[in-house]
Amino acid sequence: MHDLVAITALGGSEPQVDTVGGVTCREVPAVALASVASRMGQEASASKALAKLIGAPTPDVGQHAGETITAFWAGPDQWMIEAPFETHEDLADQVKSAMGDTASVTEQTDGWTRFDLNGDQIPAVLELLCMLDLRKFDAGCVARCSIHHVGCFVLCRSPESCSVYGPRSSAGSLHHAIVAAMRSAL
Amino acid sequence: MTQNNRLSGGQIDRNTTVNFRFDNRSYTAHPGDTLASALLANDVRLVGRSFKYHRPRGLLTAGSEEPNGIVELRTGNRQEPNTRATTIEMFEGLEAQSQNRWPSLKFDALGVNDLFSNFLSAGFYYKTFMWPAAFWEKVYEPIIRRAAGLGSLSMEADPDEYDKGFRHCDLLIIGAGPSGLMAALTAGRAGADVILADEDFQFGGRLNSETLSVGDQSASDWAAQAVAELSTMPNVRLMARTTVIGAFDHGIYGAVERTGDHLPTLPAGKPRQILWRIYTKKALLCAGATERPIAFENNDRPGIMMASALRTYANRFAVTASQRVAIFTNNDDGHRTAADLHAKGVHICAVIDVREDAPVNYDYEVLSGAQVVNTKGRLGLTFVEVALPDGSTRTLECGALGVSGGWNPNVHLTCHQRGRPVWNEDLAAFVPGSNLPVGLTVAGAANGVMSTQGALQSGMDGAVEAMELSGKLPDLPEAEDAPASQKPFWYVEGCKRAWLDQQNDVTVKDVKLSYQEGFRSVEHLKRYTTLGMATDQGKTSNISALAIMAEVAGKSIPETGTTIFRPPYTPVPISTFAGRMKGQEFHPTRLTPSHYWAKERGAVFVEVGNWLRAQWFPLPGETHWRESVDREARQTRASVGVCDCTTLGKIDVQGTDAAAFLNRVYANGFAKLAVGKTRYGLMLREDGMAMDDGTAARLAEDHFVVTTTTANAVSVYRHMEFVRQCLFPDMDVQLISTTESWAQYAVAGPNSRKLLQKIVDPDFDISNDAFPFMACGNITVCGGLRARLFRISFSGELAFEIAVPSRYGDALMRRLMTEGEEFDVVPYGTEALGVMRIEKGHAAGNELNGTTTALNLGLGKMVSKKKDSIGSILSEREALVEPDVLRMVGIKPVSSEEKITAGGHLMNSAGPVDAAHDQGYVTSAAYSPILNSSIGLGFLKDGANRMGEKMRLVSPLTDLTVEVEIVSAHFVDPEGERLRA
Amino acid sequence: MIINHPLLGPRDSSEFTYLGDASLIDRPDWQAENAAEAFYEYGYLRDNPAGKHQELWFHEAGDRSWLVVTRDTTTHEISKVELARDLARARGRSK
């Protein structure tokens, strides 16, 4: 076991939590990520292997699925895999062995920082941040979008819970934008 | 404390009294008032001075079309100039100042301009201030700026927040008057997803200004009830205080919501305004119509207002501008104002109707076939002079005159995509044409439907058509349905000064003069006279001016032209467009994994794109940046230094065709690169110019990691995706950007291996034999953390780059520092990095500047001719391969005291110094602490064959001439012994 | 503007980066006899139609697809949006 101590994307030893009105924004470092991209001509087998890995049908365009290990659509024949960091720090290796030669796998764990929003007025916050059509953005949906010029993934997990993934280096700017929108809207 | 001009009724909250100040005097008002209605209630008619002649002016309208009543709202750093008093919602403590007057509104010294009006006619500025040119900036401009112009800026930063937001809907209804409300009820009840927006703080539009009934209710009660019903519908979003400012492509509308302007103080974190982008399937424009004035002699005195505005003030705000009012009209609507005011107990001096067959009234006098020919009253109207049909003149004593010249549909948004309105003879007005923005339809008065009943019907029809509704529709309430009768009448003949555009001081005569002087297109008229410019954009004046142009030209109005309207519909503060993108938040900031550590060390940071990078790390006692940078470079070359190079773009390239793909995007070959090796790669643009450079490390047969320069990370990724998807779509290759995933540090210097051996786990042999120059591989560090190691060097020293997952980057940097203490390890920043790469002769952004080829860079041999790669063919164009093309060289001063300056040009040691004799230029320069000399890199014609030549480095801009010697670009270790050690 | 992405549906054009004429897909053969001339034309000569224009847009803030958008340059009407990769294949591009 190595002896280097991690810091969160916002630079703390503990994840940051902000609550405004009925919405809480929580920094979530405890997630491992890996991206999967089907090899040319292997799309069907890759999709099958992925479904097996996540224990759910492979998510279609703009969707996410799975339980412990989840996958969300990131582009044509491309998905991001999420899993708890504690148990899956070597997620890329696990995914690679599940996918075999059907797909290219890339470790993405620290490429992204995640903020989870929980509460009953999330659309009021999101409409100040991104141009998604929130009327159609139900549980199970995912979309890539730009939040204050930061390229992000937004996942709707339930009507009262969503996750925002942004590039780790921009965590401070993204967090500032989210919390400012919460103060403005709530 | 008087509010002498209050009437009964109205939609104000009389139970609450609020205090406000105008020009430093205190007044009272009620919630529901605007600043304009509150001023009138307090008998304040004079509110401003005109733009050019500084004539006393009062309110003309009761809406956002107001040209005169513009004030500076709020004080200190929140002062906002050119705010229309007619749209400012009253609140406790409101403060406003009149504008464009000195020393005071009642005595304005520049009122003297009015006496010289003969010299200040159309095109005055163009005619007068032509010469001498030298006077422009120093003399004329300051004078003009002081005299003319509108409000003043606080010159302080706006402390408030502004937001941007995005909303989607099926139907956007613009305007909540009778047609807008009826449309919203129709679509809302049918379950459609509706946004209803109105610029006013109270929905209802003209319904709030009229004494009509709708169904069995008063118009305003019906409006209130409709709003109450709409507010219970979850599928309807009501946006009051929201001006739809523009119609953009494909159903996108811009809207400004004034969320905080009506609040005495903004709650923390709340925005003053929100700029919405509204995505719509359909939109229905229910923007109503704007009444237009009639021009006559001295028609700009405070107290002369639009008749419909007088009616609004009386019915909605319970205010009259004066207790004695006359009306001047060419249509029936003017009579309605007289009747409403009379019913409220205001004395109607007379209704002056230009029509011979004006409606008869027994409550007050109606002068048929009469015209107002002059007015009196220095700071406010006192008398009106009327010419009667028999040629006699009558003088009426009154404090307010309501003018009604007919109504112009508010077609503005229909023109935002070059749609042209069409002339309607019956209305004598422009109505929306057929070429509307996609998805937009128009209802109500905006579409020329001028009765209330017609507006309700048209709103319902508009909603049904837009949403394709079928089935049972709501019952339409019954309302006034009188046909509007009018006689087109634009101005009274024979006037010396009859004002058309009161905001820009343009008279009927100015329009005629401009036509005589050859400005015959409406667009030229606008620019020559300034008619229709500034904050009101001619909402009350454009059509009248056009009518006068048409008359002078002897053409019809539609033949003469139309003005086209552009966004925004009403003025928008720049702050609103900026939103949160200001100051530190102007763009996102990217922090490196070692940022917090570097900050603790007192690093000085520099912005590189969005990144903040450590530029150098000053130590106590160092007083000049060069001291720090020289030390960092020297110590690295002497022992070992560490630099955060995470910012370099990193792209994961995988797939069975990964190597073949890299062969296409890089000019040099990658197919034969062994697994576990790294190679320098040069990317060209298709035109043969160098695009970017970096390295590609082969981690597996089908897996490379490509690095790009920091600046080009995004564009190189985009380019590679273009090559993959558009040029070679069947290649099995996948690209993933992984820049952020890995914290990557350069560890450079003769002791770099020794330092790394202390943290790399013992399973991994990184000796020179096992891990030679350009080796790469997956390793573990610090007891099992996965990491990547590359033996590459930018400094020219024995060097490595080590990468760990970003979350451990901070800890790794701290570990390197403690483990490196025995080697006197030094962190170095981008400056020392730059010094060392110049010493080594590595090209960077300054050299890869978009105008240089591989040959220029001394890398011509890298461009493989045995394979297809982007840019290879065009890099051989004749002019790019001539014998004397620019070649990269090193430059050093003959005397080591002298300095090389980047940007300077190279000239032969003798001969003229001019562009024709230019030999090349310097791209990068630095002080080399190990050579104790200033050095530079640059491009020189036929440079490869001019080593040792003495030249002049000149910079005429900075008056610099330095004698220099041309040398190899590799100032240190030209044989590369150090990096292979 | 709104670009109706073949996979994602309508998306704001601000999410995209514009490149230019979709003729950039038709990259000449590097080994052809007239390769220099062909690459010169490919690189520098473009039609500039007042009307329908096929152009390349990259969904930078989205799924990273290159799209070919058929847009009327006089009205901004977008009549067709295709995945560039499909179009490139249809035009005979492969490896």
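Is A:R114 buried or exposed? At 12% relative accessibility, A:R114 counts as buried, where buried means under 20% relative accessible area, exposed over 50% and partly exposed in between, computed with a 1.4 Å probe on protein chains only. The model is predicted, so local features need pLDDT of at least 70 and side-chain atom pairs count only at pLDDT 80 or more, while totals for chains, interfaces and linings use all residues. Residues are numbered from 1 along each chain as its sequence is written, chains are lettered from A and ligands numbered from 1 in the order in which they are written, and side-chain values use heavy atoms, with hydrogens and water left out.

A:R114 belongs to strand β8 of chain A, residues 112-118; strands are DSSP runs of E with at least two residues, helices are runs of H or I with at least four, and both are numbered from the N terminus. Its side chain makes polar contacts with the side chains of A:D116, at 2.9 Å, and of A:E82, at 3.3 Å. A polar contact is a pair of N or O atoms within 3.5 Å; within protein, one must be able to donate a hydrogen and the other to accept it, and residues adjacent in sequence count only if both atoms are side-chain atoms. Leaving aside residues up to four places away in sequence, A:R114 touches residues including A:R26, A:E27, A:R157 and A:Y165, contact meaning heavy atoms within 4.5 Å.

In chain B, helix α19 (residues 809-819) is mostly covered, with 8 of its 11 residues buried. Among the buried residues are B:L812, B:M813, B:L816 and B:M817, and what covers the buried residues of α19(B) includes the helices α14 (595-600) and α18 (752-757) as well as the strands β40 (742-748) and β43 (799-805) of chain B.

The loops of chain B hold some backbone features to inspect. Most residues other than glycine have a negative phi, and most peptide bonds are trans. B:D43, although not a glycine, has a positive phi of about 65°; B:D43 lies in the loop between α1 (35-41) and β3 (46-49) and is partly exposed, with a relative accessible area of 45%. B:D505, also not a glycine, has a positive phi of about 55° and is found in the loop between β29 (499-501) and β30 (506-507), but B:D505 is buried, with a relative accessible area of 0%. A cis peptide bond, with omega about -5°, joins B:P567 and B:P568, and B:P568 lies in the loop between α12 (557-560) and α13 (574-578).
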